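Good morning, colleagues. I would like to take you through one structure, moving from its strands and helices to its cores and its interface. Please keep the sequence and the coordinates in view as I speak.

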Amino acid sequence: MSRIHIKQGRIIDPANDLDCVGSVYIANGKVISILVEPEGFIADKTIDAENKIVCPGFIDLSTRLREPGQSRKATFKSESIAAASAGITTLCLQPDTKPVIDTPAVAELIKELADKADYPQIYPIAALTQKLEGNELSSMLALKQAGCIAISNANKPVNNLLILRRAMEYAASHNLLLIFRPNDYWLGNKGCAHEGIVATRYGLPSIPDAAETIALDQCLELAELTGCKVHFGQISCKRSVIKIHQANKYGLNVTADVAMHQLHLTENDMIPFDSAYHVLPPLRTEADKQYLRQGLAGDIINCISSDHQPHDLDAKLGAFPETEPGISSLETLLPLMLRLVAQHAITLNQGIAALSQNPAKILGLNAGSLASGFPADICIFDPEIHWEINSDNWKSKGTNTPFWGQIMKGRVTHTLQSGRLIYQLS
Amino acid sequence: MSNLQLTAEGKLKHFLTIEGLSKNILTEILDTAESFVGNADQQIKKVPLLRGKTIVNLFFENSTRTRTTFELAAKRLSADVLSMSIATSSTSKGESLLDTIRNLEAMFVDMFVVRHAISGAAHFIAQQTAPHISVINAGDGQHAHPTQAMLDMFTIRQFKKDFSNLRVAIIGDILHSRVARSQIQALNTLGVAEVRVIAPKTLLPAHVETLGVSVSHNLTEGLQDIDVIIMLRLQRERMTSALLPSESEYFKCFGLTESKLKIAKPDAIVMHPGPINRGVEIDSKVADGAQSVILKQVSNGIAVRMAIMSMAMQPQGVY
């Protein structure tokens, strides 16, 4: 493998408390040295990173690539190109594929598809229950051995708390991480918008924040009871932040992420009946958004996920409640993080940590750091480049983003995955 | 939203919701409707305003009254009318809403009158349809039923003349009611003194007060000082979805009886968008009583819909 010298970049590596200008030296797919040139190092390739930021590649905790099963929406090929262009070097795949990731065969298929797409660092998340139906446990251990990085029931409900308890006990026995998207199916009442002033005005079926906080409460209790390691995915409301904070104060050690769009958009930003804003959990209130931002700044929320859900045009063409929820969001991850920094919600160091160091730690991955010996998963970006979200720049097959047409600031120029240059801005 | 239904000159293009429409436009609708009211009594009921125009009533949800009055209104404007009930047939054939619209567009239609069970459907059609076509919302999900609201406003103005001092009570299932949402917006735009909603909490949307209403959970208290009483229809399925215990308990608490009616102002009028559930939300004696204007609402429906249809076709060179 080639030896790469990244020179003159501003290196930000939160895992090692590093923020300085200098060089990164890579050989055999690994970082071999930072700042100090190794003796006798001859680079095969030199990347000039002057005025750019060099940081660990991003790790996304919640992604849908739509394969297997829905390749009309997106493919591993299309989305891995999008991910690479966004500085993302590791993707965790939600189990609600078709078929569901509930057998080792499907997990292996995903690894194969990832290899074929030339983007091997895609980790399947195993289904918690068979077919995600919420009734019977999946073969978690076999799934773990087949390469699954965690377990989750995606957005599907577990039918009762006894089943959830058993699943968590079993997961704990095998030291598996449960990624839990808290949502009480019944309270959610098949809603499509936050139960607030906007849903009331437009007569949209609505989801109260209690649907999330009650499910979160129950899962916290079961985490205590079962000793299962729990990570809460895509939390969306103020009281979830408070509850997670309290739980950690009492020594429970749960972690959480928030989807990037929840840190920027609220129900008030929704253009009436515009399906681009149809997302689950729904966009909530300004107070929720502010709490989520504070939770992130205070390390109560550890990570930001993209919650990438690419769709075909038909999925978003219809009356709002009938359209499919989700935003195509890999490519806006970095600029929207930088927007949080520009708005003084978090520091750049925190933003990078939330996208690399923290998810790596939660997943137990040997990644998210630029220390020597770590795989050279690296994102290099120019924080000053302005670019427009349009069909020339956009790589994902899903164009379903409410940010379409907007000017973003900050763009990835190079992405390295295990020392391989998988993206370079032309 | 308001931009979508208005032309650059601020004229009505589509009629999707009351939201975003000015008091002037609402008053213009009422005044125009006034000019059509006499027509019904004449030997020749027709006016030639929409001669040569084709209007398609697209009803994805069942309706008798609304569809009939729209049909009559279109015919009295001399338009060619086609009424289609697509309650379930199109979806069972797998045709999407958009394909249905595209097919009809290809038949040179000038206006769609749309009723659909999903909130936002009329809005979606207005966005997708060819620019020369007007879309009138005849009720979408729980969102809006603006022509019903306007015929109610027309009826209120007939009996009460002026909106500014009125206190209006809307009673019943506000949560699921597109009629109530549109009425509340229209009443507030026309400047009534108070809109009061009266219902148990299970039938009120969250943050209902942000719609510009005061709230009561008690009919006896809520009816005091009221000039206009609007009863809403209670669907049977509200009982099976645990929103209410029983019809009889509902009638006991929120049903409008002669004795309850006495609590309101003596000259209060009683309205209902129909169809009525006698003995569930309203007692027959009240529904058929002297203060009831329910049938007047129905006849006014034609004139008001004529007004809205002709105004929406104005940008296309009618008049």
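This is a predicted model: local features need pLDDT of at least 70, side-chain atom pairs count only at pLDDT 80 or more; totals for chains, interfaces and linings use all residues.

I begin with a pair of residues: in strand 8 of chain A, Tyr123(A) is the bridge partner of Cys92(A). Residues are numbered from 1 along each chain as its sequence is written, and chains are lettered from A and ligands numbered from 1 in the order in which they are written.

The elements I name are DSSP runs numbered from the N terminus, with helices being H or I of at least four residues and strands being E of at least two. Two strands pair if DSSP finds at least two bridges between them.

Strand 7 and strand 8 of chain A run parallel and are joined by three bridges. Strand 8 of chain A is also joined by three bridges to strand 9 of chain A, residues 150-152, and these two run parallel. Here Ala126(A) has Ile151(A) of strand 9 of chain A as its bridge partner. With helix 3 of chain A, residues 140-145, strands 8 and 9 of chain A make a right-handed β-α-β unit; right-handed means that, with the strands pointing away from the viewer, the path from the first strand over the helix to the second runs clockwise.

How enclosed is strand 8 of chain A? Six of its six residues, 122-127, are buried, so strand 8 of chain A is largely enclosed by the rest of the structure. A residue counts as buried if 20 or more other C-beta atoms lie within 10 Å of its own, as exposed if 12 or fewer do, and as partly exposed in between, with C-beta atoms placed from the backbone.

Helix 1 of chain A, residues 76-85, is likewise largely enclosed by the rest of the structure, because nine of its ten residues are buried. Among the buried residues are Phe76(A), Glu79(A) and Ile81(A). Their cover includes strand 7 (88-93), helix 2 (104-116), strand 17 (407-417) and strand 18 (420-424) of chain A. Just after helix 1 of chain A, Gly87(A) takes a positive phi of about 80 degrees.

Let me turn to backbone geometry. Most residues other than glycine have a negative phi, and most peptide bonds are trans. Leu132(A), in the loop between strand 8 and helix 3 of chain A, has a positive phi near 60 degrees. Leu132(A) is buried, with 23 other C-beta atoms within 10 Å. Phe273(A), in the loop between strand 14 and helix 9 of chain A, has a positive phi of about 65 degrees. Phe273(A) is buried, with 27 other C-beta atoms within 10 Å.

Pro281(A) also has its place in the loop between strand 14 (255-259) and helix 9 (286-297) of chain A, and the peptide bond from Leu280(A) to Pro281(A) is cis, with omega near -10 degrees. In chain B, a cis peptide bond joins Gly274(B) and Pro275(B), with omega about -10 degrees. Pro275(B) is found in the loop between strand 9 (269-271) and helix 13 (284-287) of chain B.

Next, the nonpolar cores, each a set of buried Ala, Val, Leu, Ile, Met, Phe, Trp, Tyr and Cys residues joined through C-beta atoms within 7 Å. Which residues of the largest core touch the most other members? They are Ile125(A), Leu178(A) and Leu333(A), out of 118 residues. Helix 7 of chain A, residues 210-226, gives the largest share of this core, seven residues. Apart from it lies another core, of 115 residues, among them Leu187(B) and Met271(B).

Finally, the interface, where two residues are in contact if their C-beta atoms, placed from the backbone, lie within 7 Å. In these terms, 21 residues of chain B are in contact with 17 residues of chain A. On the side of chain B that touches chain A, helix 6 of chain B gives the largest share, three residues. The residues of that side divide into ten nonpolar, nine polar and two charged, where Ala, Val, Leu, Ile, Met, Phe, Trp, Tyr, Cys and Pro count as nonpolar, Asp, Glu, Lys and Arg as charged, and the others, Gly among them, as polar.
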